[in-house]
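The stops below go one by one.

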Amino acid sequence: MAEKCTQLKHDSDGHVIECNFIFTDTFDMNELKCIEIEPEMLDDLKNGQLEIRGGANDETVLVSSNKSYLVRQHDSSNTILLTSYNHTRRLHRDANDKENAYMHVMDDMEDNADAGECTESVLSAISCVYILEQQPPRLNELHDILYQRPYTGAPTPAVTPFDDTEHDAEHDTDDHKQAACIDLSFESLKLLAQCSDEELIHALDEIDAIQIQNEWRVIDEKYLSSCFQDVLYCVMEHSMDSKNLNIDDVTRNTAQFPHEMVVHCIRIHSVSRAPNEDGRWVLDEVKVSLFCAKQVILQQSSGEEWMRHSQFMQEWSDSLPYELTADVAILSGHFLSVYAKRCGENVWYILEEKELSLKPKERFQKLFAMKEQWNMQEITPYMTTLIKTGYNVDKLLLKHARMIRSKDDQGKELKSYISRTVKRK
């Protein structure tokens, strides 16, 4: 390999300058990596907030303070030389510390004897650059882990290797073993989710997670329901104003549950997830109404997971606080209505969109198992989380469903969707 190469260029006055590029003793092909970043990421770079997250077998994801980027290799047909910034700086390798060899820069200026010359050092050469592709958080694994270890009110056990003797056969699965061994601290979850801190906080908030003893947990449905039911009884019994709620008044009369759990229940059922300027909370009428609707089905004496429409509407109305009314329109994305021949009318099931799998294939399998045929208005609410993570509804339906056309009594064309696994008639 040549020890140097020369470039002729013009200065600002039009004079020809001979610039010599000298290959340093420390030159090594591809020892340095070049990543293209967005201009708005410069502050994060200077503040040390750019970080690569994930495990050894994960795709490389670079995160800033509030965004995530997939790192892709972009090969070049030309070799790119990386040179010193200018001829006033020379790079010295510390032979005893190869990892930091290129971090030791010393001023060692040597004025050239010839005024028309400059000298640059060639530090390394690269055959590719790495480009960034912004992506939404990939939360599949995060959801899987958190929902496998819901908080039930019991203290969180220490994170230890899985012991088969401490678990019954029903829960002795590889997924359960993995969930039982994972640290649920924020530091651990941000590596698991491979997303920025801001994106992770938002994702945890979306599934109503709470930090308990330095671990982030989703609350067991029965435990959460019992706690908020207790809160509602307290509000109604003591004639509290649900739109001007004082936390201290509630906790004073609900000793069955920890203070932090009562606050959490009120927070996730409020209009805003924070108190107002006076420190008071405003319960969200829609959220309270949905909660009462769930309890109607979950607490029925028959133990069924469904309820007839006529019975459901009556019991739902009876269960609501006096200022609320039952409105079917709010059930979209939370409950599913399916016609049942055995009942001669529609029946209602609880089907929470946010609890469905983040894997499109598994989500559609669940939806079509619950109902064979969907129209666009019915299925779109169950795509909400997927849309937030970057998916397109039309493309999802094209891949995981089959569209069928029919006409109503007036001859208007109707479009609906069925599973791709259903055989054509």
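Select glutamine 194. At 7% relative accessibility it counts as buried (buried is under 20% relative accessible area, exposed over 50%, partly exposed in between, with a 1.4 Å probe and protein chains only). Glutamine 194 sits in the loop between helix 4 (186-193) and helix 5 (197-206). Helices (H or I, at least four residues) and strands (E, at least two) are DSSP runs, numbered from the N terminus. Check the backbone: phi of glutamine 194 is positive, about 50°, although the residue is not a glycine.

A word on the model before moving on. It is predicted: local features need pLDDT of at least 70, side-chain atom pairs count only at pLDDT 80 or more, and totals for chains, interfaces and linings use all residues. Residues are numbered from 1 along each chain as its sequence is written, and side-chain values use heavy atoms, with hydrogens and water left out.

Next, select aspartate 208. The loop between helix 5 and strand 9 (210-212) holds it. Its phi is positive too, about 60°, and aspartate 208 is not a glycine. The relative accessible area of aspartate 208 is 11%, which is buried.

From there, go to histidine 264 in helix 8 (residues 259-268). Is histidine 264 buried or exposed? Buried, with a relative accessible area of 4%. Show its contacts (heavy atoms within 4.5 Å). Leaving out residues up to four places away in sequence, histidine 264 touches Asp208, Ala209, Ile210, Ile219 and Leu224.

Now select helix 9, residues 285-298. At its start, a side-chain oxygen of aspartate 284 comes to within 2.8 Å of the backbone nitrogen of valine 286. How many of the 14 residues of helix 9 are buried? The count is 10, so helix 9 is largely enclosed by the rest of the structure. Among them are Leu290, Phe291 and Val296. Display the cover: it includes helix 6 (221-237), strand 11 (306-308), helix 10 (309-319), strand 12 (335-340) and strand 13 (345-350).

Strand 11 and strand 13 pair over three bridges. Look for arginine 308, opposite valine 347 in strand 13.

Methods:
The expected span of a helix is 1.5 Å times one less than its number of residues. A polar contact is a pair of N or O atoms within 3.5 Å; within protein, one must be able to donate a hydrogen and the other to accept it, and residues adjacent in sequence count only if both atoms are side-chain atoms. Two strands pair if DSSP finds at least two bridges between them.
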